[in-house]
Amino acid sequence: MKTSINLSPTIIVIFGGTGDLNLRKLAPALYNLYAENYMPDKFAIIGTARRPLTNEKFRTALMDGVNSFSRTGKVEKDKWENFSQNIHYKPTDVQDSASFDELKVMVDQFKTEFGADTQIVFYLAVSPDLFPAIAKRLAKFKMAENEDNCRIVVEKPFGKDLETARELNALLKERFK
């Protein structure tokens, strides 16, 4: 599929990939972008969560989410088949360094395949108390070193109060542009 606009290859890593936010909002939005030709030619969506799942089961769960919550209705079979080939699942416990190492291998494989201009988005669709652990491990495993092509998106609430929001902001500013 050719995009109607020129976009850099992109890797989107969704922490909390099996959660409600991804199923109700993110997956439908990403599918709609794809269906409307606003996704790059080369992209990978990597869902992460603690539970073990196959790529196929994860794709089915996302398709069910799109079919239930998309503003455009149910998926078009051909478009979904093409789109879903770019969806991957990697069980990841954000408290476990070994699973982060495995996630890094997967991200690096796509970066190598897609090229130097690959954009990476880390979307934290998890409980706010996990934001610091994820940010620290992304830094530890050097997954967010290139400030020009790497972004982090944190879902609200941003801290429990003003003090914790400031602490989180300081932590993220240390590791992200």
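This is a predicted model: local features need pLDDT of at least 70, side-chain atom pairs count only at pLDDT 80 or more; totals for chains, interfaces and linings use all residues.

Reader: What makes strand 1 and strand 2 a pair?

Author: The cut-off is at least two bridges, and strand 1 (residues 10-15) has 6 bridges to strand 2, in the parallel sense. So they count as paired. You can find I11 standing opposite A44, and V13 has I46 as its bridge partner.

Reader: How do you know that strand 2 pairs with strand 3 too?

Author: Same test: 5 bridges join strand 2 to strand 3 (residues 87-91), and at least two are needed, so this is a pair as well. The two strands run parallel, with I46 opposite H88.

Reader: Which strands are called edge strands?

Author: The open sheet has 5 strands in the order 3-2-1-4-5, with parallel pairing. Strand 3 and strand 5 (150-154) each pair on one side only, and these are the edge strands. From one strand to the next, the twist averages 20°.

Reader: What packs on that sheet?

Author: Helix 4 (residues 97-114) does, touching strand 1, strand 2, strand 3 and strand 4 (119-124). The direction of helix 4 makes about 160° with that of strand 1. Helix 5 (residues 131-140) lies across strand 1, strand 4 and strand 5, at about 155° to strand 4.

Reader: Why is strand 2 called largely enclosed?

Author: Buried means under 20% relative accessible area, and 7 of the 7 residues of strand 2 (residues 43-49) are buried, so the rest of the structure largely encloses this strand. In a regular strand, side chains alternate between the two faces of the sheet. Here F43, I45, G47 and A49 are buried on one side, and A44, I46 and T48 on the other.

Reader: Which residues have the most contacts inside the largest nonpolar core?

Author: F15, F122 and L138, in a core of 29 residues. Helix 4 gives the most to this core, with 6 residues. Setting aside sequence neighbours within four places, the contacts of F15 include F122, L138, T48 and F100. There's also a second, separate core of 22 residues, with A27, I45, A49 and Y89 among them.

Reader: Why is the link between D20 and R24 called a salt bridge?

Author: The rule asks for a side-chain nitrogen of Lys or Arg within 4 Å of a carboxyl oxygen of Asp or Glu. The closest N and O atoms of D20 and R24 are 2.8 Å apart, so the pair qualifies. D20 and R24 are 4 residues apart in helix 1, so about one helical turn separates them. R24 has a relative accessible area of 38%, which falls between the 20% and 50% cut-offs, so R24 is partly exposed.

Reader: And what makes K79 and E76 a salt bridge?

Author: Their N to O value is 4.0 Å, and the rule says within 4 Å, so the pair is counted. K79 is partly exposed at 24% relative accessibility, and E76 is partly exposed at 48%.

Reader: Which residues make up a network of salt bridges?

Author: K104, D108 and K111 are linked that way. D108 and K104 both lie in helix 4, about one turn apart. By this rule the count comes to 7 salt bridges.

Key
Residues are numbered from 1 along each chain as its sequence is written. Side-chain values use heavy atoms; hydrogens and water are left out. Buried means under 20% relative accessible area, exposed over 50%, partly exposed in between (1.4 Å probe, protein chains only). Axes are lines fitted to C-alpha atoms, for helices over the stretch in contact, and angles run from 0 to 180 degrees between N-to-C directions. Contact means heavy atoms within 4.5 Å. A nonpolar core is a set of buried Ala, Val, Leu, Ile, Met, Phe, Trp, Tyr and Cys residues joined through side-chain atoms within 4.5 Å.
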